[in-house]
Amino acid sequence: MKIRESAEDYLESIYMLQMKNGYARSVDIAAQRQVTKASVSIAMKQLRENDYISMASDGSITLKDKGMEIAQRIYERHNVLTKMFVALGVDEETAAQDACKIEHSLSDTTFNAIKNHVKNQAKA
């Protein structure tokens, strides 16, 4: 399943907000991503039309199965890459920013190798 990087970022934001607050709303997504509410509205419409999310009448946004799968994958990549960069001596903020830049384009093979390396380093 191939979707655009921006859609993956929105799904990840929804996932993170749901974990933090128990819910996600467009206004919270706009604040987290530092974008306009209009941009979020357009993105949510596209995600809803492609069956990644559902929106309740109260404005809450829920990830559907395929949206959740993508969000969890991107979130894991972000966390593992950030940990690796920090372990290499990069400051937390820069590490998180750089992880966000490459989390989408890294092959599964390379990501799994990095993930195993980070896991092994944590055990050492």
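Asp51 is partly exposed, with a relative accessible area of 38%. On this scale, buried means under 20%, exposed over 50%, and partly exposed in between, using a 1.4 Å probe and protein chains only.

This is a predicted model: local features need pLDDT of at least 70, side-chain atom pairs count only at pLDDT 80 or more, and totals for chains, interfaces and linings use all residues. Residues are numbered from 1 along each chain as its sequence is written, and side-chain values use heavy atoms, with hydrogens and water left out.

Back to Asp51. Its phi is positive, about 65 degrees, although Asp51 is not a glycine. Asp51 sits in the loop between α3 and β1 (53-55). Helices (H or I, at least four residues) and strands (E, at least two) are DSSP runs, numbered from the N terminus.

Now look at Gln34. Its phi is also positive, near 55 degrees, and Gln34 is not glycine. Gln34 lies in the loop between α2 (26-33) and α3 (37-49). Gln34 counts as exposed because its relative accessibility is 72%.

Next, the interior. In soluble globular proteins, nonpolar side chains tend to be buried together. A nonpolar core is a set of buried Ala, Val, Leu, Ile, Met, Phe, Trp, Tyr and Cys residues joined through side-chain atoms within 4.5 Å. The largest one here has 21 residues. Leu11, Ile14, Ile29, Met44, Leu47 and Ile53 have the most contacts inside it. Two or more residues each come from α1 (5-21), α2, α3, β2 (61-63) and α4 (65-87). The most come from α1, which gives six. Apart from this core lies another, of 10 residues, including Val80, Leu81, Ala99 and Ile114.
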